[in-house]
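Welcome! Here is a short briefing to read alongside the sequence and the 3D view.

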Amino acid sequence: MADALTGLGDAVESFAKPNARLRISGGVTEVFPSHVRVEGLSPFLRLDDCVRLEEHGRIFHGQAIRIDKRGALVKSFESNVGVGLGARVALEGPLEIAPHESWKGRVIDALARPIDGRGPLALGDRRVLDRPPPNPMSRARVSDPAPTGVAAIDAFTPLCKGQRLGVFAGSGVGKSTLLAMMTRSAAFDAVVICLVGERGREVRDFLDDALGESARNAVIVVSTGDESPMMRRLAPLAATSVAEFFRDCGQSVLLIMDSVTRYAHALREIALSAGEPPAANGFAPSVFADIPRLLERAGPGRDGGGAMTAIFSVLVDGDNHNDPIADCIRGTLDGHLVLEREIAEQGRYPAINILKSISRLADRVWRSEDRETIEAARGLVARFEDTRDLRMLGGYQPGADAELDRAVRLTPRIYDALRQSAQAPACMNAIVQLRRILADESA
C-alpha cells in the first residue's frame with residue numbers, strides 16, 4: 001500500500017507544477033466520507049488546483065472543488081480520503097501533462113502513469129490539463145473526408161477530418177466493438193482512446209481482442225469504474241490533452257471517448273459534494289457547462305495544421321435517447337449514430353439505425369450522384385420499416401404498390417450490404433454496392 005501511495009505522489013508531483021520558491025500550506029479541519037475541509041489556503045487557491053495531503057508519512061493528492069472564506073473543500077484522487085484532522089495540506093498548483101510522440105502504443109491512467117508494465121514514459125513540453133477550447137476564428141475549416149472502413153458509416157453518415165460524432169447506444173448493443181472497428185482506419189496518424197468507468201475485466205479484452213494490431217498506434221487512457229470520481233473526471237481531460245498534442249504536431253488524430261455519460265456521472269458526484277443543487281435527473285447545472293467545454297476542445301486545429309476527429313460514445317440509460325445528458329451532447333456535436341437493441345437482436349451488426357443517424361457534414365463528402373443513391377436507399381428502408389407491422393399482419397399484397405414491392409425486394413439486400421463483423425476487412429466501396437443494388441444488379 002505504501003508503494004502505491006508513493007507512486008501516486010510521484011505521478012501527481014510530475015503532473016502538477018509546484019512553486020519551487022514558496023510552499024503554501026494549511027491543515028485539515030473536517031473529514032467527510034468523500035472529501036475534506038482545509039483551512040489556511042483559501043486566499044491562494046483556485047478551483048481545480050492540486051493539493052498535497054500528508055499525515056504520518058503517508059501522502060495523498062486531491063483537487064479543490066469549493067473555496068470560501070472559512071476554507072476549501074478538497075476531494076482526493078483516491079477512493080478513500082485517507083487522512084484525519086490536523087493533516088498538513090500544501091498547495092501544488094494546476095495540473096499539467098507532458099505528452100510525447102513515444103506514448104503511442106502505451107496504456108496510462110488519468111494521472112499519466114503507465115499501467116502497462118513497460119517502464120516510465122518520456123516527457124515532452126508541459127501543457128495545462130484543463131484548457132479552454134481554441135478560438136473559433138483561428139480554426140481551419142473541415143473538408144477532407146475520413147473514411148472509417150465501416151460500410152454503414154461511410155455510406156450514410158460519412159466523416160470528415162476534424163468532425164465530432166456521437167455514438168448513442170444502450171448497453172450490450174455492440175458500441176465498443178464499433179468504436180474498435182473505427183480505430184483501424186488508415187485516415188489517421190494517431191489514435192487516442194479514453195475508457196471511462198469501464199469494468200476492469202473488460203479493459204484487457206478491449207485492448208487485446210477489439211483493438212488488436214491497432215493498439216500499436218494508439219494511446220489508451222484508462223479509468224475503471226472502481227476508481228474515484230476525480231480520476232474518472234480527469235481521464236477525458238488527459239486524453240483530450242494528449243490528442244491536442246498530436247494535433248498541434250500537425251497529425252490527423254482520432255479521439256475516441258467511451259463514454260461521456262460516465263464522465264457526466266463523475267461530474268455529478270463532484271458537483272454534489274461541492275454543494276451544488278441537483279437539477280435535471282440529479283445532474284448539477286455545472287455538468288451541462290463542463291460537457292460542451294470538453295467536447296469543443298476537439299475538432300480542427302489552425303489552418304495548415306492537424307485535425308482532431310472525435311467519436312464520443314453516449315450510454316443512454318434505459319435506452320432513453322432523450323435523457324438530459326444525451327440531449328446536451330447531441331446538440332453540441334456534428335452528427336450522431338444511433339445504435340438500437342432491436343437491430344442487434346436481429347443479428348445485424350453494427351446495429352446502426354440509418355434512419356435516425358445523421359452527419360451534419362455529409363455534403364462535404366458526398367458527390368451529387370452519391371447523395372441521390374443514399375436518399376433513394378434511405379427512402380426504401382423507411383418504406384420497408386414503416387410497413388413492417390402491416391406486412392406481419394398479412395395486409396401486404398404484392399403488385400398493389402410498386403414502390404413498396406421494390407422496398408420489400410431491395411431492403412434486405414441493403415441490410416446485407418451494411419452487415420459487417422468486427423473481423424471483416426474494411427469496406428471501401430459501400431456506395432458503389434448500394435448503387436448496384438438500386439439498379440437491381442448483382443451486389
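Ala190 stands opposite Val253 in strand 13, and strand 13 (residues 252–258) runs parallel to strand 11, joined to it by six bridges. Two strands count as paired if DSSP finds at least two bridges between them. Helices (H or I, at least four residues) and strands (E, at least two) are DSSP runs, numbered from the N terminus. This is a predicted model, where local features need pLDDT of at least 70 and side-chain atom pairs count only at pLDDT 80 or more, while totals for chains, interfaces and linings use all residues. Residues are numbered from 1 along each chain as its sequence is written, and side-chain values use heavy atoms, leaving out hydrogens and water.

**Around strand 11**
- Strand 11 also pairs with strand 12 (residues 218–224), in the parallel sense, over seven bridges.
- In that pairing, Ile193 faces Ile220 of strand 12.
- Strand 11, helix 4 (residues 200–211) and strand 12 form a right-handed β-α-β unit; right-handed means that, with the strands pointing away from the viewer, the path from the first strand over the helix to the second runs clockwise.
- Strand 11 (residues 190–198) is largely enclosed by the rest of the structure, because nine of its nine residues are buried. Buried means under 20% relative accessible area, exposed over 50%, and partly exposed in between (1.4 Å probe, protein chains only).

**Cysteines**
- A search of the whole structure finds zero disulfides, a disulfide being a pair of cysteine sulfur atoms within 2.5 Å.
- For Cys50, the nearest cysteine sulfur is that of Cys194, 19 Å away. Cys50 counts as buried because its relative accessibility is 0%.
- The sulfur of Cys427 is too far for a bond, because the closest cysteine sulfur, in Cys160, is 18 Å away. Cys427 is also buried, at 13% relative accessibility.
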